[in-house]
Amino acid sequence: MLNAINKTPDKQYDLVARSLRCVWHPCTQMQHHETLPLVPVSHGRGAWLYDTEGKRYLDAISSWWVNLFGHANPRINSALKSQLDLLEHAMLAGFTHEPVVQLSEQLAARTGHVLGHCFYASDGASAVEIALKMSFHTWRNKGLSDKREFVCLKGSYHGETIGALSVTDVPIFRDAYGSLLQQAHVVMSPDARAAQEGESAADVARRAAAVLETLLQERAGHIAAIIVEPLVQCATGMAMYDPLYLQEVRKLCDRYQVHLIADEIAVGCGRTGTFFACEQAAIWPDFLCLSKGISGGYLPLSLVMTRDEIYQAFYDSDVARAFLHSHSYTGNPLACRAALATLAIFDEDDVINANRARAARLTAALAPLAAHPQVRNFRQRGMIWAFDAAIADADAAATFSRRFFTTALEQELLLRPIGNTVYMMPPYILNHEEIDFLAVRTQAVFEEVIAA
Ligand SMILES: *Cc1c(COP(=O)(O)O)cnc(C)c1O
């Protein structure tokens, strides 16, 4: 049993107790670990994680949405092993190397070379910082330094460094730091759940776009960019919306001379059913941020892709007009090699198509759960499933979420609801057995926790 630290078997106790003594875990009130289990992972294989007692857990959230092709993937492992013997790292200022060039070429090709310039960092929040800074600096280089404000959506999440947090609308993450942040304009989310009687998801999208237009009419001269998560606002509860919204935003950005930043850190890399989520709206942003799945969940890697027009705004003999941002591990060759191996799997295994069959099977297997009287807003896009438990009160939702996580572990599942929203973002390798296992066990966990 993993229910409490003092009940765990010895081997686990050791690692757990040592961890709690010296590791400050992310996104955690550490005191909760007096009762909440901390799972000591020993190894991973495919969709499964194994703890130090040999107990297995189906990683149904791809280890915070990063792991696309399973743990210890043989193809990614072997690519990394050969890269390791060639070059582990070299600085990217004044130097270049095959993995970073190939990765930039291949990603540009996936946008039809519209986003042909790739700037690298290590984590998602840094990619967001880069996009914000690059947008502001582009306008500045064009003599429009007044354009220094940003727009984000209600319920947006773009990371937790100071700049990224300023375009993140999650009270629990932002409130403590409010006085440190630049105020962003927060506009209506196109979340399809906001549909009123007789309204379609597209109607909600149009309504949200109209709200944005009102702001732009008034303020565009001061606004550098709007940042959106295309199709699904993930971290605040998998809010899904109609692609029409992206088309409307693209038009408004063109009309009012504002940049569009697409944060595809979570929704990119095939997660929504196309390689880039923007493809489903047939638009391209001015900046596109990728991280999470791009390295297959192996190594920290993030990047910002942008258009030639933006790149040209910095191209000059004057150093001060250049984009001087840097991180020590920019373009790390091992991380880029993992990303190349990941992209190769997309092509070799025709992953986008294969995922359609996987998604259809899981959606069908989840039908009984979707029909449960205490399940609301069952929704799916690509390889994301979500539903809301019928719990109104926020404290009760937090308790539900922690209890669900614990009960899921007992059922050999790694699932970590966001408040009352249960979601799945499995790796793109589940076989029929694993899909059915995921559906049956999730239902069992839900029934147990909702009845408690
Ligand atoms: C996870 C995430 C980020 C932040 O990425 P980190 O690597 O955690 O800093 C930014 N935007 C979105 C949409 C994310 O899901």
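Student: Starting with the ligand, what is 2.7 Å from a polar backbone atom of Gly124?

Tutor: That is an oxygen atom of the ligand, which sits 2.7 Å from the Gly124 backbone atom, and please keep in mind that we are looking at a predicted model.

Student: And what is the distance for Ala125?

Tutor: A polar backbone atom of Ala125 is 2.8 Å from an oxygen atom of the ligand, while Lys292 uses a polar side-chain atom, which lies 2.5 Å from a ligand oxygen.

Student: How much of the ligand's accessible area does the protein cover?

Tutor: On its own the ligand has 380 Å² of accessible area, and the protein covers 82% of that.

Student: OK, which residues surround the ligand?

Tutor: Besides Gly124, Ala125 and Lys292, the residues around the ligand include Trp65, Asp123, Tyr157, His158 and Gly159, and Glu229, Asp263, Ile265 and Ala266 also belong to that surrounding set.

Student: Switching topic, how many residues are in the largest nonpolar core?

Tutor: There are 111 residues in the largest nonpolar core, and Ile226 and Tyr245 are those with the most contacts inside it. Helix H11, covering residues 333-348, supplies the largest share, which is 10 residues.

Student: Why does this core lie between domain 1 and domain 2?

Tutor: It lies between them because both contribute residues to it, domain 1 being 39-72 + 350-451 and domain 2 being 76-348.

Student: What is Tyr245 in contact with, leaving aside its neighbours within four places in sequence?

Tutor: With those neighbours set aside, Tyr245 is in contact with Leu153, Met188, Pro190, Ala205, Ala208, Ala209, Leu212, Ile226 and Val228, and Ile226 is the other residue named for having the most contacts inside the core.

Student: How many residues are in the second, separate core?

Tutor: The second core has 27 residues, among them Ile130, Ala131, Trp139 and Cys289.

Student: Now the backbone: what is phi of Met238 near?

Tutor: Phi of Met238 is near 50 degrees, which is a positive value in a residue other than glycine, and Met238 is found in the loop between strand E8 (232-233) and strand E9 (239-240).

Student: Is Met238 buried or exposed?

Tutor: Met238 is buried, with a relative accessible area of 0%.

Student: And where is Glu412?

Tutor: Glu412 is in the loop between helix H14 (394-410) and strand E15 (413-414), and its phi, near 65 degrees, is likewise a positive value in a residue other than glycine. At a relative accessible area of 18%, Glu412 counts as buried, because the cut-off for buried is under 20%.

How values were computed: Residues numbered from 1 in each chain as written. Predicted model: local features only at pLDDT ≥ 70, side-chain atom pairs only at ≥ 80, totals over all residues. Heavy atoms only, no water. Core = buried A, V, L, I, M, F, W, Y, C linked by side-chain atoms within 4.5 Å. Buried < 20%, exposed > 50% of the residue type's maximum accessible area, 1.4 Å probe, protein only. Helix = DSSP H or I, 4+ residues; strand = E, 2+ residues; numbered from the N terminus. Domains from an automatic or database assignment. Contact = heavy atoms within 4.5 Å. Near = heavy atom within 4 Å. Polar contact = N/O pair within 3.5 Å; in protein donor to acceptor, adjacent residues only side chain to side chain. Areas by Shrake-Rupley, 256 points an atom, 1.4 Å probe, with all protein chains shown as cover.
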